[in-house]
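Colleague: I would like to learn how to read strands, sheets and charged pairs in a model. Could you take me through them with an example?

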Amino acid sequence: LFVQCFGNFEVFYNGVPLVFKRSKAKELFAYLVNLRGASCSASELCAVLWEDAVDSHSLKSNLRNIVLELNRILDSCDAKDVFIHQKNFYAIDKTKLDCDYFKFLDCDADAVNSYKGEYMRNFNFEEL
């Protein structure tokens, strides 16, 4: 998988963008990439994905459906092991991704030169 964070966030498998039927599944994956392998809780994900919603049973149910969708997408390209999910623990294994942002942080010259000041433009995550 190649993950593009500069400009719009996009995930590619063999050069083809992955299709996320649920936009929240893509946003969830983007948020976990933004965390660079650090974990987060279900409550944190709910707060990020549904900013003004009250944490509730139905919100957690929506999150479970989003997680199932993300697992389905990653499984379709033999990358299910990228997403780490246990009870109230969500993360990615960043060592299993080719990502412009991670390369940038490692001072890769090509990645540094590819950064044009826009980071995950389609989401409201903290910029570099």
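Colleague: Let's start with β1 and β2: in which sense do they pair, and over how many bridges?

Modeller: Strands of a sheet pair through backbone hydrogen bonds, in either a parallel or an antiparallel way. Here β1 (residues 2-4) and β2 (residues 10-13) are antiparallel, with three bridges between them. Two strands count as paired if DSSP finds at least two bridges between them; strands are DSSP runs of E with at least two residues, helices are runs of H or I with at least four, and both are numbered from the N terminus. This is a predicted model, where local features need pLDDT of at least 70 and side-chain atom pairs count only at pLDDT 80 or more, while totals for chains, interfaces and linings use all residues. Residues are numbered from 1 along each chain as its sequence is written, and side-chain values use heavy atoms, leaving out hydrogens and water.

Colleague: Which residue of β2 is the bridge partner of Phe-2?

Modeller: Phe-2 has Phe-12 as its bridge partner in β2. Phe-12 also has a bridge partner in β3, namely Pro-17. Strand β3 (residues 16-17) runs antiparallel to β2 and is joined to β2 by two bridges.

Colleague: And what should I look for in the hairpins?

Modeller: Look at the backbone phi angles. The hairpin of β1 and β2 has five residues between the strands, and Gly-7 there takes a positive phi near 80°. In the hairpin of β2 and β3, with two residues between the strands, Asn-14 has a positive phi near 50°.

Colleague: What is the strand order in the sheet of four strands?

Modeller: The order is β3-β2-β1-β6, in an open sheet with mixed pairing. At the edges stand β3 and β6 (98-99), each with a single partner strand, so one side of each has no neighbour in the sheet.

Colleague: Now the charges. How many salt bridges does the structure hold?

Modeller: Side chains of opposite charge can pair when their charged atoms come close. The structure holds seven salt bridges, the criterion being a side-chain nitrogen of Lys or Arg within 4 Å of a carboxyl oxygen of Asp or Glu. One of them joins the side chains of Glu-10 and Lys-26 at 3.1 Å, N to O. Glu-10 is in strand β2 and Lys-26 in helix α1 (residues 23-34), so this pair ties together parts 16 residues apart in sequence.

Colleague: Is Lys-26 buried or exposed?

Modeller: Lys-26 counts as buried, at 15% relative accessibility. Buried means under 20% relative accessible area, exposed means over 50%, and partly exposed is in between (1.4 Å probe, protein chains only).

Colleague: Which pairs sit about one turn apart in a helix?

Modeller: Lys-24 and Glu-27 are three residues apart in helix α1, about one turn, and their salt bridge is 3.5 Å, N to O. Lys-24 is partly exposed at 23%, whereas Glu-27 is buried at 14%. In helix α3 (residues 57-76), Glu-69 and Arg-72 are also separated by about one helical turn, with a salt bridge of 2.9 Å, N to O. Glu-69 is buried at 8%, and Arg-72 is partly exposed at 38%.

Colleague: Which residues does the network of salt bridges link?

Modeller: Asp-81, Asp-93 and Lys-96 are linked in that network. Asp-93 is found in the loop between β5 (89-92) and β6. Leaving aside neighbours within four places in sequence, Asp-93 is in contact (heavy atoms within 4.5 Å) with Asp-81, Val-82 and Ile-84.
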